[in-house]
Amino acid sequence: KDKIFVMGHKLTDVDAFGAAIGICRAAQAMEKRAYIVINEVSASLRPLYECYEKDDNYPKDMFLRSSQALDMADTNSMVVVVDTNRPQMTECEELLAKTDTVVVLDHHRQSDEVIENAVLSYIEPYASSACEMVAEVLQYIGDDLRLNSMEANSMYAGILVDTNNFMSRTGVRTFEAAAYLRRCGADVTYVRKLLRDDMASYRAKAAVISSAEVYRDVFAIARGEHLGIESPTIIGAQASNELLNIEEIKASFVLTEYNGKIYISARSIDEINVQI
């Protein structure tokens, strides 16, 4: 294929971003141009995103808006979707119809709504993250492929965020993927610093947690509204993880108001499948 477009879900998070970076590296090893479609850079993603923006080793047009990608795409393009398998959730749903070659890599359970024209749909609900899946794939592509430390950091950060620091949904393969990224130069301390919250976000998260109510003794339900921060949905996800640290809580649900919609972040430890 002439051009490869990689995209995650709307409001791209660190896992979708890291997985997209891994796919770009795979494309480069095959001497192909890859572009990442991203419309909105959240506060939590910005430090990582800016690393690539400021680095002259990466092309200036590495990141595209949906409109730019649609202008460039044709039938001889390829679209790789990471970290979601629902067409409506992708960064640019129209892009899926512009090409005959679509690949899906995701770790979420498949819903009724699927990307129908995918030539390869690799959906692995047992994987911790999209970054774990891409890290596995990269090891089989060939000896020419070598992640640099910044790329390894991006993918390691994706695993770290989606597993809540290796505390949830981690299997043997998660640690093997992390070990591979570590060998590629991922710096654990640097990634931890990169993922820290600013004070306003930390206070917003505390406000969400303090609003929590316990329903039927085992469900924590909290809400985030008028938080006055840039990325309230990310804070909702973090608060949802935090609420699982409370004794007797089996699942947590945080409802966050953003752009006229209500986003739900649901988490559980083991007994309850919140996706169902």
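How many residues does helix 6 have, and how far does helix 6 reach from its first C-alpha to its last? Helix 6, residues 172–183, has 12 residues and reaches 17 Å, close to the 16 Å expected at 1.5 Å a residue. The expected span is 1.5 Å times one less than the number of residues. Helices here are DSSP runs of H or I with at least four residues, strands are E runs of at least two, and both are numbered from the N terminus.

Before I go on, this is a predicted model: local features need pLDDT of at least 70, side-chain atom pairs count only at pLDDT 80 or more, and totals for chains, interfaces and linings use all residues. Residues are numbered from 1 along each chain as its sequence is written, and side-chain values use heavy atoms, with hydrogens and water left out.

Back to helix 6. Thr174, Ala177, Ala178, Tyr180 and Leu181 are buried there. They cover an arc of only 155 degrees around the axis, so they lie on the same side of helix 6; the arc is taken from the directions from the helix axis to the C-beta atoms. Buried means under 20% relative accessible area, exposed over 50%, and partly exposed in between, with a 1.4 Å probe and protein chains only. The face turned away from the buried side carries Val172 and Arg183, which are exposed. The buried residues pack against helix 4 (130–138) and helix 5 (149–162), where contact means heavy atoms within 4.5 Å. Just after helix 6, Gly185 has a positive phi of about 110 degrees.

Six strands form an open, parallel sheet in the order 3-2-1-4-5-6. Its edges are strand 3 (63–64) and strand 6 (118–123), each pairing on one side only. Pairing requires at least two DSSP bridges between two strands. Strand 2, residues 33–37, is joined to strand 3 by two bridges, and Val37 stands opposite Leu64 of strand 3.

The other open sheet has four strands in the order 7-8-9-10, with mixed pairing. Strand 7 (213–215) and strand 10 (261–268) are the edges. Strand 8 (219–224) and strand 9 (251–258) pair in the parallel sense over six bridges; Ala222 has Val254 in strand 9 as its bridge partner. Helix 9, residues 232–243, packs on this sheet, touching strands 8, 9 and 10, and its direction makes about 165 degrees with that of strand 9. Axes are lines fitted to C-alpha atoms, for helices over the stretch in contact, and angles run from 0 to 180 degrees between N-to-C directions.
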